[in-house]
2 protein chains.
Amino acid sequence: MDSSLDSIFSALSDPTRRAILQRLAHGKATVAELADPFELSQPAISKHLKVLEQAGLIRSGREATSRPRELQPDALKKISDWIGDYRRFWDQSFDRLDGYLSKVQGYEDDKSED
Amino acid sequence: MDSSLDSIFSALSDPTRRAILQRLAHGKATVAELADPFELSQPAISKHLKVLEQAGLIRSGREATSRPRELQPDALKKISDWIGDYRRFWDQSFDRLDGYLSKVQGYEDDKSED
DNA sequence: CGGCTATATAGCTGAATGGTGATATATGGA
DNA sequence: TCCATATATCACCATTCAGCTATATAGCCG
């Protein structure tokens, strides 16, 4: 498991993987259920799930012979927090520049990831 | 210019590019200024900037012989909105599941990107 | 136990990515 | 006009990635 900003953003850059997350927003699902909407092979889906899991976006359980997946919100929260630092650039309620520069010190800030 | 969720997330998956964005959060900067903190070649930085620009995360101007870059918040807002759909999974104030399923209809939702 | 079902892993391939040094282009100033 | 400076582009290489088919593993059920 990595769960760095690198791997989270990378995992989210694929539309198949985002679609899988959207499906999981409805609740737990088996690999077969997750694969169903796509014209991809089963191993391709398993690979996507592995990427999502290693990024910390989902986790897998065990139920008889199936291994249902479910959302794990921590990773999404993490990038949400990252984006939060930039919210002032588009959000009116964050539009006061004053006092902002004291919070963001430089490009080194980004290194504070796990 | 692409500016799809694919290209935005993909652009953000590189730590050098996120560091560049962080630097640009302080304000406009030239390519030389952006390249300075890194041990990468100038062409490498230009390539990163191209990726960021094609994702719609930054834009370039012209000032004498330099081409200063600046943040373009639209793309960040776009993924912030995307993440917003999942906020209920970690945010207490969004913890009421009721009425949520009427908003998220399925994986096809994700196709509503430009 | 033996086989069926669900899923994972292995090994391969082609395309994309990130880096390099060399070179091209554009603009302001002497 | 010609040069210096700033930046972009070219051609190349190594690595990563997304897909495939074939095969292996794990757990339930007869």
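Let's begin inside the protein, at Leu57(A). Leu57(A) is in contact (heavy atoms within 4.5 Å) with Ile8(A), Ala11(A), Leu12(A), Leu21(A), Leu52(A), Glu70(A), Leu71(A), Gln72(A), Ala75(A) and Leu76(A), leaving aside residues up to four places away in sequence. This is a predicted model, in which local features need pLDDT of at least 70, side-chain atom pairs count only at pLDDT 80 or more, and totals for chains, interfaces and linings use all residues. Residues are numbered from 1 along each chain as its sequence is written, chains are lettered from A and ligands numbered from 1 in the order in which they are written, and side-chain values use heavy atoms, with hydrogens and water left out.

**The core**
- Leu57(A) and Leu57(B) touch the most other members of the largest nonpolar core, which has 57 residues.
- Domain 1 (5-73) and domain 2 (75-107) of chain A both contribute to this core, so it lies between them; the bounds come from an automatic or database domain assignment.
- A nonpolar core is a set of buried Ala, Val, Leu, Ile, Met, Phe, Trp, Tyr and Cys residues joined through side-chain atoms within 4.5 Å.

**Chain A**
- Chain A has 5 helices and 2 strands, in the order α-α-α-α-β-β-α from the N terminus; helices (H or I, at least four residues) and strands (E, at least two) are DSSP runs, numbered from the N terminus.
- Of its 114 residues, 44% are buried, meaning under 20% relative accessible area (1.4 Å probe, protein chains only).

**DNA strand D**
- Around DNA strand D there are 22 residues, and the closest are Ser41(A), Lys47(A), His48(A), Ser46(B) and Arg69(B); near means that a heavy atom of the residue lies within 4 Å.

**DNA strand C**
- Ser46(A), Arg69(A), Ser41(B), Lys47(B) and His48(B) come nearest among the 22 residues around DNA strand C.
- Sugar or phosphate supplies 70% of the atoms of DNA strand C within 4 Å of the protein, and bases the rest.
- A polar side-chain atom of Ser41(B) is 2.5 Å from a phosphate oxygen of DNA strand C, while a polar backbone atom of Val31(A) is 3.3 Å from a phosphate oxygen of DNA strand C.

Notes. Buried < 20%, exposed > 50% of the residue type's maximum accessible area, 1.4 Å probe, protein only. Polar contact = N/O pair within 3.5 Å; in protein donor to acceptor, adjacent residues only side chain to side chain.
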